[in-house]
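Please keep the model in view while reading.

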Amino acid sequence: MAGLLDLAVNVSALQLMVPGYVSSVEHVMSSTGTAPATVTLEVTESVFIQDSERALVVLHELKELGVMLALDDFGTGYSSLSYLKQFPVDIVKIDQVFIGDLTRDSTSRHIVSAVVSLAHSLGMEVVAEGVETVEQCAQVVALDCDFFQGFLTSRPLPSDVLSSFMSEAGVSGRDLRRPDVSAAG
């Protein structure tokens with residue numbers, strides 16, 4: 001849906017394991033009028049190393065709230081295909097170390113292609129992280145990544161500049177605290 005602002009939040013393993021984390025997420029969404037479907041919580045594989053049973057419970061509770069879950073920095077660190085099978089992940093974010101080499105390294109292209117194919121066959125979306133050039137963008141599009149992020153789109157922006165950036169991008173005329181309200185309505 002055009003004009004809808006989605007929010008992605010990095011969540012550390014420590015945060016995720018805090019008792020009451022799920023209810024605090026639910027409270028924040030409720031008090032701000034944020035639709036759960038517009039929220040993606042990004043976790044790295046390290047969350048599964050500490051206490052995979054507890055992580056599984058918490059992630060399932062978060063899914064029951066209606067938020068999306070992303071496996072961030074996939075392909076580095078403690079990567080294991082069992083995480084894709086075991087945990088309720090909606091999105092796989094391919095680490096920028098592979099994206100940065102796409103235009104000059106066939107091995108990176110093969111890895112990205114395989115991860116995209118695997119994720120899609122499991123019903124997951126794929127985000128390419130760290131896209132900085134038009135050439136990299138063309139590669140991730142050709143490899144069928146669903147989305148990309150990186151400096152090609154924008155460098156990090158201070159909050160006072162974000163509003164004008166969003167307006168220029170066509171994300172204006174919405175009450176961002178209530179994504180279901182459009183300018184026409």
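## Sheet and covering helix

E3 and E4 run parallel and are joined by three bridges. Two strands count as paired if DSSP finds at least two bridges between them. Helices (H or I, at least four residues) and strands (E, at least two) are DSSP runs, numbered from the N terminus. This is a predicted model: local features need pLDDT of at least 70, side-chain atom pairs count only at pLDDT 80 or more, and totals for chains, interfaces and linings use all residues. Residues are numbered from 1 along each chain as its sequence is written, and side-chain values use heavy atoms, leaving out hydrogens and water.

The protein chain holds nine helices and six strands. The six strands make an open sheet with parallel pairing, in the order E1-E2-E3-E4-E5-E6. Strand E1 (7-10) and strand E6 (147-148) are its edges, each pairing on one side only.

| Strands | Sense | Bridges |
|---|---|---|
| E2 (39-43) and E3 | parallel | four |
| E3 and E4 | parallel | three |
| E4 and E5 | parallel | four |

Specific partners can be named. Thr40 has Met68 in E3 as its bridge partner. Ile91 stands opposite Glu125 in E5.

E4 is covered on both faces. Ile91 and Lys93 are buried on one side, Val92 and Ile94 on the other. Buried means under 20% relative accessible area and exposed over 50%, with partly exposed in between (1.4 Å probe, protein chains only). Of the 185 residues of the protein chain, 35% count as buried.

Now the helix. H7 (residues 106-121) has 16 residues and reaches 22 Å from first C-alpha to last, close to the 22 Å expected at 1.5 Å a residue. H7 lies across E3, E4 and E5, and runs at about 175° to E4. That angle is taken between N-to-C directions, from 0 to 180 degrees, with axes fitted to C-alpha atoms, for helices over the stretch in contact (heavy atoms within 4.5 Å).

Which residues of H7 are buried? They are Ser108, Val112, Val115, Val116 and Ala119. They share one side of H7 because they cover an arc of only 100° around the axis. The arc is that of the directions from the helix axis to the C-beta atoms. These buried residues pack against strand E3 (68-74), strand E4 (91-94), helix H6 (96-99) and strand E5 (125-128). On the other side of H7, His110 and Ser121 are exposed.

Just after H7, Gly123 takes a positive phi of about 80°.

Technical notes: Expected span 1.5 Å × (residues − 1).
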